[in-house]
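Visitor: Please show me the structure that we are to discuss, and then guide me through its features by question and answer.

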Amino acid sequence: MNRHYMFSLIAVLLLFLIAYVGVAAVGLEVLFGIIIPYAAIVVFTVGFIYRIVGWARSPVPFRIPTTCGQQKSLPIFKQAKIDNPSTKGNVVIRMILEIVLFRSLFRNTKVKVKEGGKLFYGYELWLWLFALAFHYAFATVLVRHLRFFTEPVPQWLQLLENVDSFMQIGLPGVFLSGVVLLAAVTLLFLRRVLLPQIRYISLANDYFPLVLIFGIAFTGILMRYFIKVDVVGAKELAYGLVSFHPTIPEGIGAVFYVHVFFVSVLLAYFPFSKLMHLGGIFMSPTRNLPTNTREVRHVNPWSYPVKVHTYEEYEDEFREKMVEAELPVDKELPPEPEEPEADETSEEKE
Amino acid sequence: MSDTPKPEEILSRSHTPPKTGWMDTPINIRPGMYCYASNPKSVDYVGLPYPRQWNPMEDDWNLPENWKEIIFEGMRDRLDRFRSFKVFMDICVRCGACADKCHFFIGTGDPKNMPVLRAELIRSVYRNDFTRFGKIFGKMAGARPMTLDVLKEWWYYLFQCTECRRCSVFCPYGIDTAEITIIGRELLNLLGLNIDWIATPVANCYRTGNHLGIQPHAYKDMIDFFCEDIEEITGVLPKPSLNRKGAEILFITPSGDVFADPGTYTAMGYLILFDFLEKKYGLDITWSTYASEGGNFGFFTSHETMKRLNAKMYAEAKRLGVKWILGGECGHMWRVINQYMDTMNGPADHLEVPVSPITGTRFENAASTRMVHITEFLSDLIYHDKLDLDPSRNDHLKVTFHDSCNPARGMGLLDEPRYVIQSVCKNFYEMPSNTIREQTFCCGSGAGLNAGEDMELRLSGGLPRANAVRHVHEKHGVNMLACICAIDRAVLPPLMEYWVPEVDVTGICEMVGNALNLPGQKKRTTDLRSEDLPGMEEEEDADE
Ligand code: HEM
Ligand code: SF4
Ligand code: SF4
């Protein structure tokens with residue numbers, strides 16, 4: 001037992017009960033179908049912008065990209081243009097690959113101590129695979145939901161749905177993305193619970209979004225394939241929200257409101273959590289800057305003068321020794337006859 | 001060193017974290033794993049805050065009364081000044097991809113040496129003090145208030161990070177725990193909590209121009225001494241110049257190279273190279289006693305201290321009126337030059353875009369900073385066939401190359417050293433691909449941790465590197481580990497001694513010096529270490 005994931009499980013269960021009881025027993029459809037979703041969207045939008053602006057307000061004093069390949073130097077050496085990008089164009093490619101393919105995560109290895117005390121670093125692509133599956137499934141599900149908010153439903157969306165449900169199993173067609181999302185989120189959760197190192201570093205705020213997204217996908221799948229809710233009514237409500245004519249159609253079913261409530265909680269939670277990595281990755285100075293630091297000067301906006309030990313001070317202290325050692329000096333020694341020098345305290349340590 | 005564990009003990013350390021959560025696991029500062037506290041005289045000399053006597057093993061660290069406020073204000077200030085810090089505090093998803101990438105975690109098994117947890121030590125306080133969520137949900141949200149124990153944990157683990165950036169390569173967002181450590185150490189320095197192995201070199205460097213506190217006359221003595229050795233070995237006496245105004249190029253290298261073996265042989269390599277180029281092509285280069293340090297332990301103290309120590313490079317270049325600067329073999333020195341120097345102490349308008357006076361090559365990649373790496377310079381010379389090399393004098397070496405963290409991940413200097421090595425020695429073998437280039441493993445002693453008292457830490461942290469060396473030693477008979485870093489040259493010998501005693505350590509310019517034929521040289525029967533060259537010694541006998 002670990003109170004971090006128990007906390008998250010219980011929290012999501014509570015959220016479920018709140019919405020379910022609120023709608024089914026108390027009849028708070030307006031609260032869960034209109035007020036909370038609107039509030040969540042406001043919190044999400046304002047919060048998201050606030051965070052991005054907050055980051056953007058801190059300057060980037062130094063250009064510190066992590067170089068992951070050969071630098072640009074002489075023509076005889078082939079530069080790793082993506083992993084050590086010296087131009088803005090190549091930085092863009094690097095960023096696109098990070099965002100679309102999780103390129104850095106793809107490097108992942110796992111250390112093993114083999115017999116004879118040999119360390120071995122094997123490729124470890126599960127995290128990359130789960131994460132990629134999760135994000136793409138999430139994105140697809142998100143886009144598919146646009147059908148609830150558009151009238152008429154655009155052609156390309158129809159196309160996407162066809163591709164997504166190409167493995168037709170009876171009716172309605174099964175959307176692959178939903179299943180993959182549920183599976184990936186479960187695997188990511190299990191990874192956190194089962195791997196000792198990952199469990200050790202995980203906090204409640206790491207389990208919570210996974211459980212919540214599980215809840216979203218689960219209620220969604222439930223509605224689509226098992227307890228059929230009134231899809232026409234659902235669309236009416238959703239479309240009402242985006243067209244600012246909110247309505248509560250009769251009898252959509254309480255599970256729908258739970259689904260919407262979960263999504264609202266995720267939206268409102270988003271800007272305050274690590275989910276902001278969505279915005280943060282674009283602002284990460286180790287990835288989004290060109291590596292041409294020696295070629296083009298980077299300016300630090302808050303640079304201030306510092307106290308240095310000048311050559312003059314240095315020579316003043318060591319002039320006699322320098323002259324004696326026949327090192328050139330800027331100022332000659334005063335022509336007085338030599339005096340016994342007292343400063344013998346600071347010899348170098350040898 | 002008597003308590004240093006046996007290699008098998010280090011190898012058998014478990015990587016499974018303990019039962020108790022990390023916030024509930026009290027800190028245990030263990031001898032062998034930490035460096036001594038900074039000497040107040042050194043802290044005072046450079047005017048850093050709160051110089052005082054203190055001892056990490058004692059309960060009372062003699063902190064200023066308002067230390068919590070200082071840390072809080074210090075954090076706020078840095079969150080406002082460094083986007084890196086702010087973004088890295090916020091976006092870690094704790095995916096764990098970085099966890100087993102850190103050599104200190106691999107070597108110690110201590111979960112707080114996972115980069116993600118090292119960062120969480122600070123992040124937890126950040127959440128508590130700077131985020132609403134942390135304030136409301138507290139420990140559940142991974143927040144905890146600053147306490148003396150937390151501060152001690154910061155100190156202990158921020159000085160168990162070598163700022164190597166390996167974790168950053170693997171993080172999906174590029175979160176660089178080195179950057180967090182750099183800023184964390186800066187915060188600790190606000191309370192006078194540095195280690196002496198950093199504070200005293202900083203004070204020395206500020207005063208004498210180099211970390212070791214070598215005064216100008218002594219510096220010259222050492223150079224002269226190397227020249228005499230070179231004469232003995234080659235029959236040619238180089239005549240380098242120091243502090244010479246009007247030279248075309250200023251040469252700056254870490255002072256470790258003029259001070260301790262085997263770095264000294266690398267210094268001799270530089271001298272031989274410059275002598276050759278001067279005689280053959282009229283190279284016009286000078287050394288400096290004022291800028292007699294390429295390294296910068298200020299980098300391990302604070303951004304400001306880094307800037308203060310780095311300033312003398314451009315200042316000296318300006319005073320001497322050189323056209324550009326050539327830099328020797330050093331690791332973190334090159335991170336500073338490549339990513340900070342121009343921003344901090346530039347623009348270097350008094351210099352010119354570096355052009356090799358011998359080949360005419362313009363180093364466009366250094367067009368603004370105007371400082372060129374010795375292996376870039378050498379690669380260009382070798383490519384244009386300007387050196388008279390006899391690699392057979394390195395035939396007895398079977399070489400592998402250790403990429404230093406900073407040139408690898410803060411610069412991308414990867415092929416240049418390999419090109420030079422392979423031009424001066426025919427036996428070259430790479431270590432396994434996950435342990436070199438941008439994935440290179442740290443020597444375990446960087447970022448100021450190369451003291452004597454933390455030997456267990458160093459030997460543990462050096463395990464992955466040494467293990468890879470052992471692999472090529474067993475597979476190919478590698479007997480020489482080449483590197484381009486003065487700290488490496490100081491710390492890899494004891495690491496090898498412990499893990500792979502059959503392997504020795506060399507700088508690249510030492511191998512160049514061995515291979516390079518000097519005009520008018522005598523028959524070369526020994527290498528720069530004055531050890532007989534196999535195959536040459538009988539003839540020596542015959543001569544006698
Ligand atoms: C742009 C590049 C992105 C990368 C490289 C990335 C990477 C990751 C990784 C590695 C995880 C951790 C999986 C784990 O929990 O172990 C994760 C989790 C997650 N990401 Fe992303 N992500 C990106 C964008 C996004 C976007 C656009 C969203 C939009 C909703 C998003 C939402 C999430 C969510 C909801 C989780 C799961 C929550 C959790 O694990 O705590 N991510 N991401
Ligand atoms: S790899 Fe990056 S996001 Fe993942 S735990 Fe490490 S620092 Fe956090
Ligand atoms: S920078 Fe290097 S030493 Fe520090 S946490 Fe990352 S991998 Fe470990």
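Guide: Buried area is the accessible area, taken with a 1.4 Å probe, that two parts lose on being put together, summed over both. This is a predicted model, in which local features need pLDDT of at least 70 and side-chain atom pairs count only at pLDDT 80 or more, while totals for chains, interfaces and linings use all residues. Residues are numbered from 1 along each chain as its sequence is written, chains are lettered from A and ligands numbered from 1 in the order in which they are written, and side-chain values use heavy atoms, with hydrogens and water left out.

Visitor: How much area do chain A and chain B bury between them?

Guide: The size of an interface is often given as the accessible area lost when the parts come together. The contact (heavy atoms within 4.5 Å) takes 100 residues from chain A and 129 residues from chain B. Of the area buried between the two chains, 57% is on carbon and sulfur atoms. The area itself is about 9700 Å².

Visitor: How many salt bridges are there between chain A and chain B?

Guide: Side chains of opposite charge can pair when their charged atoms come close. A salt bridge is counted where a side-chain nitrogen of Lys or Arg lies within 4 Å of a carboxyl oxygen of Asp or Glu. One salt bridge joins the side chains of B:Arg207 and A:Glu317, at 2.4 Å from N to O. Between chain A and chain B the count is eight.

Visitor: Which parts does the pair of A:Arg144 and A:Asp164 tie together?

Guide: Over all chains the count is 48 salt bridges. In the one between A:Arg144 and A:Asp164, the closest N and O atoms are 2.8 Å apart. Because A:Arg144 lies in one helix and A:Asp164 in another, the pair ties together parts 20 residues apart in sequence, namely helix H5 and helix H6 of chain A. Helices (H or I, at least four residues) and strands (E, at least two) are DSSP runs, numbered from the N terminus.

Visitor: Where is A:Pro152 placed?

Guide: A cis peptide bond, with omega about 5 degrees, joins A:Glu151 to A:Pro152. Most residues other than glycine have a negative phi, and most peptide bonds are trans. The place of A:Pro152 is the loop between helix H5 (126-144) and helix H6 (155-164) of chain A.

Visitor: In which loop is B:Pro262 found?

Guide: The peptide bond from B:Asp261 to B:Pro262 is also cis, with omega near -5 degrees. B:Pro262 is found in chain B, in the loop between strand E1 (249-252) and helix H13 (263-281).

Visitor: What is the order of the strands in the open sheet of four strands?

Guide: Strands of a sheet pair through backbone hydrogen bonds, either parallel or antiparallel. Two strands pair if DSSP finds at least two bridges between them. In this sheet of chain B the pairing is parallel, and the order is E2-E1-E3-E4. The edge strands, each pairing on one side only, are strand E2 (285-287) and strand E4 (371-373).

Visitor: Which residue of E3(B) stands opposite B:Ile249?

Guide: E1(B) and strand E3 (residues 324-327) of chain B run parallel and are joined by four bridges. The residue opposite B:Ile249 in E3(B) is B:Trp324.

Visitor: What is the bridge partner of B:Phe401 in E6(B)?

Guide: An open sheet of three strands in chain B has the order E5-E6-E7, with parallel pairing. Its edge strands are strand E5 (399-402) and strand E7 (504-507). Four bridges join E5(B) to strand E6 (residues 480-483) of chain B. The partner of B:Phe401 is B:Ala482.

Visitor: How many nonpolar residues are in the shell around ligand 2?

Guide: A residue is near a molecule if one of its heavy atoms lies within 4 Å of it. Among the residues surrounding ligand 2 are B:Cys92, B:Arg94, B:Gly96 and B:Tyr173. Ala, Val, Leu, Ile, Met, Phe, Trp, Tyr, Cys and Pro count as nonpolar, Asp, Glu, Lys and Arg as charged, and the others, Gly among them, as polar. The shell has one polar residue, one charged residue and, as the number of nonpolar ones, 10.

Visitor: Which helices each supply at least two residues of the shell around ligand 3?

Guide: Ligand 3 is surrounded by 13 residues, the closest being B:Cys102, B:Arg118, B:Cys161, B:Cys164 and B:Cys167. By class, the shell divides into seven nonpolar, three polar and three charged residues. The helices are, in chain B, H5 (103-108), H6 (115-130) and H10 (177-189).
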